[in-house]
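These are my notebook entries on a structure that is new to me. I set down what I looked up, entry by entry.

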Amino acid sequence: MADKRDYYEILGVGKDASTEDIKKSYRKLARQYHPDVNKAADAEAKFKEVKEAYDVLSDDGKRSTYDRFGHVDPNQGMGGGGADFGGGFGDIFDMFFGGGGGRRDPNAPQRGNDLQYTMTVEFKEAVFGKETDITIPRTETCDTCHGNGAKPGTKPDTCSVCKGSGQQEVVQNTPFGRMVNRRACTNCSGTGRIIKDKCGNCHGAGKVKRQRKIKVRIPAGVDDGAQIRMSGEGEGGLRGGPAGDLYIVIRVKAHEFFEREGDDIYCEVPLTFVQAALGDEIEIPTLTEKIKLKVPAGTQTGTYFRLKGKGVPRLRGYGQGDQHVKVTIVTPTSLTDDQKELLRQFGGLSGDGSDGQEHHESIFERMKKAFRGD
Ligand SMILES: [Zn+2]
Ligand SMILES: [Zn+2]
């Protein structure tokens, strides 16, 4: 996640760029950096960056999410994150250059697979962010042979049968004429190379399985289903290809008191009938502290109070959401005889119903107006 460039900046367009402008700029840059055309060492990384920026900005949904959250994808691309990008790379290749070309070269560098890791965090960890270590099993490029599979000091030889292409042509004479079939070279199993002295560490595979500890920074304000992309933390590439990416999918545990909707949080507090009728000052837990809330006399059950800025920090930009407090008036269930008598007196006092009735009538009035379309 660290130091990712802004997608608009990558494509060299303004935040208000039209879809057409984005497409134009993307085509230009993709041609410029395509690894087949541009042999600079960082061309492939630049190409990937451009492609990723385009993938997001060309999709209205993803673009608005990006505008809101930045480099975190709250879409739940379960299981799809990796395949998505890998596939995209191939697609664009085909789109611009009419088919695989060099891709089928068994000696060509190959990008490592993307990985996905699901991380469950506490409600407040998602709100305030967290730094943590995770351990993931992954395949990495072998350090001893740097991925070529040969013992240090030696090199893999080009297969003499297929001359390094990894493919063999099998010619058959049939009644319809000569048929030429291609199949993977049996001498080198389609790799195009023969390793005489295998690397002792990876036994010639060029890669090793490893448990790797990775530091993950979860940004404050992240929501359930968000994906954090850690560039280059996926599986190692082969033959000098870049590593894949690691996608961390965030799952946020429910909280027993707070509920969250976007950057706002909701909670429900009980109020006694007396508090609601006479008004009171009550203590409300927020995410960080306890604060006092004045409930005015005559508060109805279901009323919401808004505590401005007591919600979740916004992922992108400044400020915080709000906390919404719903008050629910709790009817007493166990009353003493004295209390019952007092309530009877109270009921008698307002027995003509003026108070309550007025209120009900006003609700009815309002509803009638609504029906009339006022
Ligand atoms: Zn061969
Ligand atoms: Zn090795």
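**Entry 1. A loop residue.** I began with S189, which lies in the loop between β6 and β7; strands are DSSP E runs of at least two residues, helices are H or I runs of at least four, and both are numbered from the N terminus. I noted that phi of S189 is near 55 degrees, a positive value in a residue other than glycine. S189 is exposed, with a relative accessible area of 62%. For this term I used relative accessible area: buried is under 20%, exposed is over 50%, and partly exposed is in between, with a 1.4 Å probe and protein chains only.

**Entry 2. Ground rules.** I recorded that this is a predicted model, in which local features need pLDDT of at least 70 and side-chain atom pairs count only at pLDDT 80 or more, whereas totals for chains, interfaces and linings use all residues. Residues are numbered from 1 along each chain as its sequence is written, chains are lettered from A and ligands numbered from 1 in the order in which they are written, and side-chain values use heavy atoms, with hydrogens and water left out.

**Entry 3. The chain as a whole.** I counted nine helices and 16 strands in the chain. Of its 374 residues, 35% are buried. I then looked up contacts, meaning heavy atoms within 4.5 Å. Among contacts between residues at least 6 apart in sequence, 66% join residues at least 24 apart.

**Entry 4. Zinc ion, ligand 1.** Which residues coordinate this ion? I found C159, C162, C185 and C188, each through SG, at 2.2 to 2.3 Å. Donors here are N, O and S atoms within 2.8 Å of the metal (3.2 Å for Na, K and Ca); water is not among the atoms, so sites may look incomplete. Along the chain the donors of ligand 1 follow the spacing C-x2-C-x22-C-x2-C. C159 lies in the loop between β4 (157-158) and β5 (167-174) and C188 in the loop between β6 (177-184) and β7 (193-194), so the pair ties together parts that are 29 residues apart in sequence. Both C159 and C188 are buried. The four donor atoms subtend angles of 100 to 119 degrees, which makes the arrangement around ligand 1 tetrahedral. Four donors count as tetrahedral if all angles lie between 85 and 135 degrees. For reference, I noted that the ideal angle for four tetrahedral donors is 109.5 degrees.

**Entry 5. Zinc ion, ligand 2.** This ion is coordinated by the SG atoms of C142, C145, C199 and C202, at 2.2 to 2.3 Å. Its donors are spaced as C-x2-C-x53-C-x2-C. Their angles run from 104 to 116 degrees, which makes this arrangement tetrahedral. C199 is buried at a relative accessible area of 1%, and C202 is buried at 6%.

**Entry 6. H203.** I next turned to H203, in the loop between β7 and β8 (207-218). Phi of H203 is near 55 degrees, a positive value in a residue other than glycine. Is H203 buried or exposed? H203 is exposed, with a relative accessible area of 61%.

**Entry 7. Nonpolar cores.** A nonpolar core is a set of buried Ala, Val, Leu, Ile, Met, Phe, Trp, Tyr and Cys residues joined through side-chain atoms within 4.5 Å. The largest one has 19 residues, and I282, I284, L293 and V325 have the most contacts inside it. Two or more residues come from each of α6 (123-128), β12 (264-272), β13 (280-285), β14 (290-295), β15 (304-307) and β16 (323-330). Strand β12 gives the largest share, four residues. Apart from residues up to four places away in sequence, I282 touches V269, L271, Q275, I291, K292, L293 and V295. I also found a second, separate core of 18 residues, which includes I22, F47, V50 and Y54.

**Entry 8. I218.** I218 is in strand β8 and counts as buried at 2% relative accessibility. The C-alpha atoms of I218 and E131 are 6.0 Å apart, although the two residues are 87 apart in sequence. Neighbours within four places aside, I218 is in contact with M119, V121, G129, K130, I228 and I250.

**Entry 9. Helices α3 and α4.** The axes of α3 (residues 43-57) and α4 (residues 60-69) come within 6 Å and cross at roughly 105 degrees. Axes are lines fitted to C-alpha atoms, for helices over the stretch in contact, and angles run from 0 to 180 degrees between N-to-C directions. The two helices, α3 and α4, are therefore roughly perpendicular to each other, a term that covers 65 to 115 degrees. D55, V56 and L57 in α3 meet K62, R63 and Y66 in α4.

Conventions. Tetrahedral: all angles 85-135°; square planar, octahedral: opposite > 155°, others 65-115°. Parallel < 35°, antiparallel > 145°, perpendicular 65-115°, else oblique.
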